[in-house]
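Here is a short briefing to read alongside the model.

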Amino acid sequence: MKAYPENFAKLVESLEKIPSIGRKSAMRLAYFLAFEDKFSALQVAHHIESCVQELRVCEECGGIANASVCEICKDTTRNNGELCIVANPRDIFLLEESGEFLGKYFVLDSLETLNLGKLEHCISVNRIQEIIFALSPSLGSDSIMLYLEDKLENLGLRFTKIAQGVPTGVSLENVDQLSIIRALQSRVKI
C-alpha cells in the first residue's frame, strides 16, 4: 500500500526530474507546494506554463526571448564591437548577472549545428571587432575556438577567451559571479 496519494507521487517524480533535485528535496518541495503555500504553488505553475508557451529562441543570437528577437539583440546601446560566444542560453544569463559584458552574444550549441553564415552575418551587421569565447575550459572548447579563429581569420577580428579563473571541467552555471567578472576582465588573446 502506498504511503501517499498517486497525484502527490507524480508531483514528487516530476520535481525529481529537475537537475540537482534529489528524492528528499523533491518530497520537501512537493509537500511545501501542496500543503504549506498553495498560492505560491499556483504562481509557480502559472509561470512555468507561461514560459513553456511563450519563450522561444532568439533568431539572431540563439538566446532566450519572448519575441523573435531578444532584448539584448534589440538594444542598440550594446553595439560596442564585442561578440561573446557561449555554449548555451543559460550562460548569457550568468554573464548578464555580472554586469561586466555590454556587447552582443552568439550561442554555439555545437560545431555540428553551427551556421557559419549566420555567425558571419552577425559579425558584419554588428560591426564586431572582437570575438570573446566564454566557454567552459576543455579540449573540445579549445578545438571550437581554433576552428572558428581559422574560419573567421579573413575578417580582421581580435580573438580572446575568458581568463582561466573558471575551473576546468566546471560549467559556467556553477561558477560564482566574482569569478565570472574576473574571467571577463582578464580575458586573453588566443
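Leu94, Leu95, Glu97 and Ser98 in helix 5 meet Gln177, Ile180, Ile181 and Leu184 in helix 8, where a contact means heavy atoms within 4.5 Å. By class, this contact of helix 5 with helix 8 has five nonpolar, two polar and one charged residues; Ala, Val, Leu, Ile, Met, Phe, Trp, Tyr, Cys and Pro count as nonpolar, Asp, Glu, Lys and Arg as charged, and the others, Gly among them, as polar. This is a predicted model, in which local features need pLDDT of at least 70 and side-chain atom pairs count only at pLDDT 80 or more, while totals for chains, interfaces and linings use all residues. Residues are numbered from 1 along each chain as its sequence is written, and side-chain values use heavy atoms, with hydrogens and water left out.

**How the two helices cross**

- Two packed helices are described by the angle between their axes and the distance between the axes.
- The axes of helix 5 (89-98) and helix 8 (residues 177-185) come within 9 Å and cross at roughly 85°.
- That makes helix 5 roughly perpendicular to helix 8, a label for angles of 65 to 115 degrees (under 35 is roughly parallel, over 145 roughly antiparallel, and the rest oblique).
- The axes are lines fitted to C-alpha atoms, for helices over the stretch in contact, and the angles run from 0 to 180 degrees between N-to-C directions.
- Helices (H or I, at least four residues) and strands (E, at least two) are DSSP runs, numbered from the N terminus.

**Buried faces**

- Which residues of helix 8 are buried? They are Ser179, Ile180, Ala183 and Leu184, with buried meaning under 20% relative accessible area, exposed over 50%, and partly exposed in between (1.4 Å probe, protein chains only).
- Seen down the axis of helix 8, these buried residues fall within an arc of 135°, so they line one face of the helix; the arc is that of the directions from the helix axis to the C-beta atoms.
- On the other side of helix 8, Arg182 and Gln185 are exposed.
- Helix 5 buries Asp91, Ile92, Leu94, Leu95 and Ser98.
- Viewed along the axis of helix 5, its buried residues fall within an arc of 165°, so they too line one face of the helix.
- The buried residues of helix 5 pack against helix 4 (71-74), strand 3 (82-86), strand 4 (104-107), strand 5 and helix 8.

**Cysteines**

- How many disulfides are there? The count comes to zero, a disulfide being a pair of cysteine sulfur atoms within 2.5 Å.
- The sulfur of Cys84 is 11 Å from the closest cysteine sulfur, in Cys61, which is too far for a bond; Cys84 is buried, with a relative accessible area of 0%.
- For Cys122, the closest cysteine sulfur is in Cys73 at 6.8 Å, again too far for a bond, and Cys122 is buried at a relative accessible area of 9%.

**Individual residues to look up**

- Asn126 lies in the loop between helix 6 (116-125) and strand 5 (130-134) and counts as buried at 12% relative accessibility.
- Leaving aside neighbours within four places in sequence, Asn126 is in contact with Asn79 and Lys104.
- Glu149 lies in helix 7 (residues 139-151) and, at 19% relative accessibility, counts as buried.
- Beyond its neighbours within four places in sequence, Glu149 is in contact with Phe159 and Ile190.
- Leu11, in helix 1 (residues 6-16), is partly exposed, with a relative accessible area of 29%.
- The C-alpha atoms of Leu11 and Ala26 are separated by 8.2 Å, and the two residues are 15 residues apart along the chain.
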